[in-house]
Structures are given as C-alpha cells and as structure tokens.
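Hi everyone, thanks for making time. Let me put the model up on the screen, and then I'll walk you through a few spots.

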Amino acid sequence: MEYKPEPTDEEKISALFDQLSLPARIQILLIIREQPACVCHLEAALGLRQAAISQHLMALREAGLVSIQRKRRFIYYSLADKRLIKLIEQAAAIAGIPFSRIEQISHRPLPNCPCPQCHPELPPEYSCKSLPPSYRDKP
C-alpha cells in the first residue's frame, strides 16, 4: 500500500477552488443556494443534459459541497455549507460582476420546469418528465 501524505492547507484550498472552476458547478450552487433542487429543475434552469448535471453533482457531493435528501421518488440537492455563496459573491466582486446579476439563476418557479417545486399542482406522471401541452411556453 502506497503512503499518501496528508494534503497541506494550501492543497486543500486549491482543491476547493478546483471543484468550483467549472461555470456549471457555480451555477448549480447558485440555484440551490436558498432551496434544494432536483436534477430535472437543474436541467430546466441550465439547459444541460441530465448526464452532465449528474456528473457535476457527483463531483460536488464527493467534495462535500452539496448534500442530498430523498423525498419519495425525488432526490434533492442542497448546499452543504452556506459559506460557499459568500465565497462566490466575493469572487464575483473581485471580477467586477454584481452579485445581483449572477444570483438571478436561483429565482423560482421556472415556467418550463416540470419539477414538483415549480409545478406542485401537476399530477405525479408529469413530474420531472415533461410538461403537459397546456403548461408549455407559459410566461
């Protein structure tokens, strides 16, 4: 068995920034900053495929940045540490980006999102699948 030394403090900080280095991961953290979200909500908000979102969520979960909670057949992702948002907010300020501009991604409900949080009135057969025609393209 190979000996692996404990990472230095600097390596731990670098690993955190490495997990945040992809825009989709920052977007995911912003979306779940105030309220947990399921994968189908993240799909609707980001316009990414489920497989790509799942890979990002797995990396964030393995890094301890997100946690999961199961409710019936749905898995919801939430922030493991709310201080991550302050870190993103400070990084945005350093980059000259108003936080109000990037935090808009977390607004709910999304009109074209089939998740139970955005459309709790939908019958279960539509949740996290597709919206019925009467709901599509509603403002």
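Let's begin at the hairpin of strand 1 and strand 2: there are two residues between the strands, and R72 takes a positive phi near 55 degrees. Most residues other than glycine have a negative phi, and most peptide bonds are trans. Strand 1 (residues 66-71) and strand 2 (residues 74-79) run antiparallel and are joined by six bridges; V66, for one, has L79 as its bridge partner in strand 2. Strands count as paired if DSSP finds at least two bridges between them, and the elements themselves are DSSP runs numbered from the N terminus, with helices being H or I of at least four residues and strands E of at least two.

Some housekeeping before I go on. This is a predicted model, where local features need pLDDT of at least 70 and side-chain atom pairs count only at pLDDT 80 or more, while totals for chains, interfaces and linings use all residues. Residues are numbered from 1 along each chain as its sequence is written, and side-chain values use heavy atoms, leaving out hydrogens and water.

There's also a cis peptide bond, between R108 and P109, with omega about 0 degrees. P109 sits in the segment after helix 6 (99-102).

Now, helix packing. How are helix 3 and helix 4 oriented to each other? Helix 3 (residues 39-46) packs on helix 4 (residues 50-62) at an angle of about 115 degrees, and their axes are 10 Å apart. Axes here are lines fitted to C-alpha atoms, for helices over the stretch in contact, with angles from 0 to 180 degrees between N-to-C directions. The two helices are therefore roughly perpendicular; the classes are roughly parallel under 35 degrees, roughly antiparallel over 145, roughly perpendicular from 65 to 115, and oblique for the rest.

Helix 2 (residues 23-31) and helix 5 (residues 83-94) pack at about 125 degrees, with axes 10 Å apart, and are therefore oblique to each other. I26, L29 and L30 of helix 2 meet L84, I85 and I88 of helix 5, where contact means heavy atoms within 4.5 Å.

Last stop: H56, in helix 4. Is H56 buried or exposed? With 15% relative accessibility, H56 counts as buried (buried is under 20% relative accessible area, exposed over 50%, partly exposed in between, using a 1.4 Å probe and protein chains only). Beyond its neighbours within four places in sequence, H56 is in contact with L22, A24, R25 and I28.
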